[in-house]
Amino acid sequence: MRIARIAHSEGFAYAALGDADGQEVALEIAEQPFVKPTFSGRKWPLADVRLLAPVLPTKVVCIGKNYADHAREMGGEPPADPVIFIKPSTSVIGPNAAIKLPADSSRVDFEAELAVVIGQPCKDVPAEKAASVIFGYTIGNDVTARDQQKADGQWTRGKSHDTFCPLGPWVETQLDASDLAIKTELDGEVKQDSRTSLLLHDVPELIEWVTRVMTLLPGDVILTGTPAGVGPMTAGQTVSVSVEGLGTLTNPVVAK
């Protein structure tokens, strides 16, 4: 099932995306989607609504250097254990929303990522039970002010600007994420092209690692890492991240 957050003529809602009478529609979910969804009976043509970030996470937990080729392009060897950092909820935007380049950064990069969406409160989850806490998957772009990241020696400022975490376009609740194509295009030119099978630490291992540290809540997101090919964006460009089975997340880039 594809679950989205939408803006419609009467407000906002979670919705399941499907077909009715040959038309793509958004079927309103009565409450939160993380348990078995119930439907209000209202629906809208998909063309008449705006897709928002598909969840409102309390936190976005990110994994650094989780592809060997990206670790090496950043000037080091892959770490033995997952490296985690957090992006704030205020960095989250949805499809087609603008990534705003800070005036005090001279280089802002795209980073394509498979995103895991958590479906229930969880702590100390062993890898073999990780599937039980996954709501689904979406696409993320771990936008990074690379000059600030390097200058600070830690990553919070460079990763946390408003608009630096595009998510979307929806959550797919039934997906085998072990070997999916992942790609970034900048103004139509392919910049990143890899597969999730090359993750150094796979999704179950990441859930175990993260939940040893912190409780994850419904709607929280784990960004699983980016492959090689990261690079800068400039105002006026458009960045699109595609993951097999999840579609494409596209965002324009503007000066703040």
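This is a friendly dialogue about how to read some features of a predicted model.

Student: What should I know before I start?

Tutor: The model is predicted, so to speak, with rules attached: local features need pLDDT of at least 70, side-chain atom pairs count only at pLDDT 80 or more, and totals for chains, interfaces and linings use all residues. Residues are numbered from 1 along each chain as its sequence is written, and side-chain values use heavy atoms, with hydrogens and water left out.

Student: How do I read a sheet, and what is the strand order in the open sheet of 3 strands?

Tutor: Strands of a sheet pair through backbone hydrogen bonds, either parallel or antiparallel. Strands (E, at least two residues) and helices (H or I, at least four) are DSSP runs, numbered from the N terminus. Two strands pair if DSSP finds at least two bridges between them. In this open sheet the order is β13-β10-β18, and the pairing is antiparallel. Because β13 (144-145) and β18 (231-233) each have a single partner strand, they stand at the edges, and one side of each is left without a neighbour in the sheet.

Student: How many bridges join β10 and β18?

Tutor: Strand β10 (residues 108-110) pairs with β18 over 3 bridges, in the antiparallel sense.

Student: Where is Ala181, and what does it touch?

Tutor: Ala181 is in strand β15. Contact means heavy atoms within 4.5 Å. Leaving aside neighbours within four places in sequence, Ala181 is in contact with Ser194, Arg195, Ser242, Val243 and Glu244. Its relative accessible area is 26%, so Ala181 is partly exposed; buried means under 20%, exposed over 50%, and partly exposed in between (1.4 Å probe, protein chains only).

Student: Is Leu216 buried or exposed?

Tutor: Leu216 is buried, with a relative accessible area of 0%. Leu216 lies in the loop between α4 (203-213) and β17 (221-223). Its contacts, leaving aside neighbours within four places in sequence, include Lys59, Val61, Ile118 and Ile222.

Student: Which peptide bond is cis?

Tutor: The bond from Gly168 to Pro169 is cis, with omega near 0°. Pro169 lies in strand β14 (residues 165-172).

Student: How do I read a pocket, and which residues lie nearest the centre of the largest pocket?

Tutor: On a 1 Å grid over the protein atoms alone, a pocket is an open set of points with protein on both sides within 12 Å along at least five of seven lines, and lining residues have an atom within 4 Å of a point. The largest pocket is lined by 21 residues, and Lys65, Met74, Arg146, Gln149 and Trp155 lie nearest its centre. About 290 Å³ of space lies in this pocket, a volume being the space filled by probe spheres set on the points, with grid points joined across faces, edges and corners. Helix α2 gives the most to the lining, with 3 residues.

Student: Where is Gln149?

Tutor: Gln149 is in helix α2 (residues 146-152). With a relative accessible area of 8%, Gln149 is buried.

Terms used:
1 Å grid on protein atoms, 1.4 Å probe; cavity = no way out; pocket = protein on both sides within 12 Å on 5 of 7 lines; lining within 4 Å.
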